[in-house]
Amino acid sequence: MSSLELRGEGLHLWRGDRHVLRGVSLQLRGGQMMQLTGPNGAGKTTLLRVLAGLAYTEEGSVFWRGENVRKNMHAFHAELAYVGHEPPLKADLTARENLRYWIGIRRPLAAAEIDKALDDVHADREWRERPVRTLSAGQRRRVALAGLTLTGVPLWLLDEPTTNLDTAGQTLVTQLLEAHVARGGLAIVAVHHELGVRDVPLQRVELAA
Amino acid sequence: MSASAPLVPGYPQTPALTAARLVLSRDMTLAFRRAGELVQPLIFFAIVATLFPLAITPEKSGLRVVAPGVVWVAALLASLLALEFLYRDDAHDGALEQFALSGQSLTWLLFAKSIAHWILTGLPLAIMGPLTAWSFGANMSALPGVFISVLLGSIALSLFGSIGAALTLGVRRSGVLLSILTLPLTVPVLIFGARATQQAIQGIDYTAGAQLLGALAILGITLAPLAAAAAVRISLE
């Protein structure tokens, strides 16, 4: 298998009459990070969903490790984690149960690993046993971040990962991204403000409205 | 992962069977946390079955004749009612999206969801069916036949219904549309099911009807998850 590299070539996508993605091309290698910026409605989320293989483009293709991702979608998805702007959590399950099922269908997972991941995002021992519906939006976001680190995959696609987080939480996102990229991972993050990552090769892609 | 890219630790993937078991146990846990939603179809079934004697005749001889029809119409409507909940929450909170991105076969995971759905709604109906038939004056000896026909029929109903539920994911207030879409697929189940139940109650050999129901159930098991997965993918776009 060739080295870690995500490439998008000439991506065009229409939503009805709107030409949302107008020939977007990008390239990212292991150990690099990309920030997507642009006004609301510029297509940041759409681009992330195209890169994840959820949405289909009218023109252009996405390549992972030099191969068109449409060729082997399952293998591509096994190396990718996508967290949208809503954390993908079940309201009736606790934080730990959520991670057990969400990440458990991807890879075998020990209970101790879940606890450690929740410790790492500073999730309180008390609230990780409560149904997610009783948690605040910021606490849910932290659970989603714990899930992200548990996937152990090289490619992260994150849509507004800092939404609803306090200052400490935003620093946490920055640290997680720095650690992930330092380990050789790739991260594409759609976010408006500066992430403040240091010692990380950062590309900026601006999408026009 | 090759030697040139060992930087990110690679984990082994969850075996498909384990993943399906996780989805199953997840759906069971969730269902029992909201027992109110779980008993809705059963209560609905009970209400329909109680109304018939009041509306038609309380005479056992008359009720025995309509029993198969009542059991099957009530079972069909109750399973339609339950279908609305099949994918709704998972679509809403992004769980379906994560299924599609898990690296596992979406068809397989949705099949696990259908099994959970059948255990939670079809199986209770298969137990309620013979009870209703008995209270409508059917002989005890007829009850295994009623049980088997509703059991097989409910598998087919759950699986055929999953296609409709997946197709109507993007639609708000999808209840009526779901019923209309699913009806052509479920009518054969109703016809064969009512026939087999009727034969069982009359004490005639009902194997032919039961076998046809079994065939429909197998058809549902083999084809419905594929169709549902395709429909779910479209809804995620």
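I begin with the sheet in chain A. In this predicted model, an open sheet of 4 strands runs in the order β2-β1-β4-β5 (chain A), with antiparallel pairing. Strands here are DSSP runs of E with at least two residues, helices are runs of H or I with at least four residues, and both are numbered from the N terminus. Two strands pair if DSSP finds at least two bridges between them. At the edges stand β2 (18-29) and β5 (67-68) of chain A, each with a single partner strand, so one side of each has no neighbour in the sheet. Strand β1 (residues 5-15) of chain A pairs with strand β4 (residues 59-64) of chain A in the antiparallel sense, over 5 bridges. Within β4(A), W64(A) is the residue opposite L6(A).

A word on conventions. Residues are numbered from 1 along each chain as its sequence is written, and chains are lettered from A and ligands numbered from 1 in the order in which they are written. As the model is predicted, local features need pLDDT of at least 70 and side-chain atom pairs count only at pLDDT 80 or more, while totals for chains, interfaces and linings use all residues.

I turn to helix α1 (residues 44-51) of chain A. It is largely enclosed by the rest of the structure, because 7 of its 8 residues are buried. A residue is buried if 20 or more other C-beta atoms, placed from the backbone, lie within 10 Å of its own, exposed if 12 or fewer, and partly exposed in between. Among the buried residues of α1(A) are K44(A) and R49(A). After α1(A) comes G53(A), with a positive phi near 85°.

Next, the contact between the chains. It takes 33 residues from chain A and 32 residues from chain B; two residues are in contact if their C-beta atoms, placed from the backbone, lie within 7 Å. On the side of chain B that touches chain A, the elements giving two or more residues are α1 (16-33) and α5 (95-100) of chain B. The largest share, 7 residues, comes from α1(B).

Y11(B) lies in the segment before α1 of chain B. With 16 C-beta neighbours inside 10 Å, Y11(B) counts as partly exposed. Leaving aside neighbours within four places in sequence, Y11(B) is in contact with R107(A) and G152(A).
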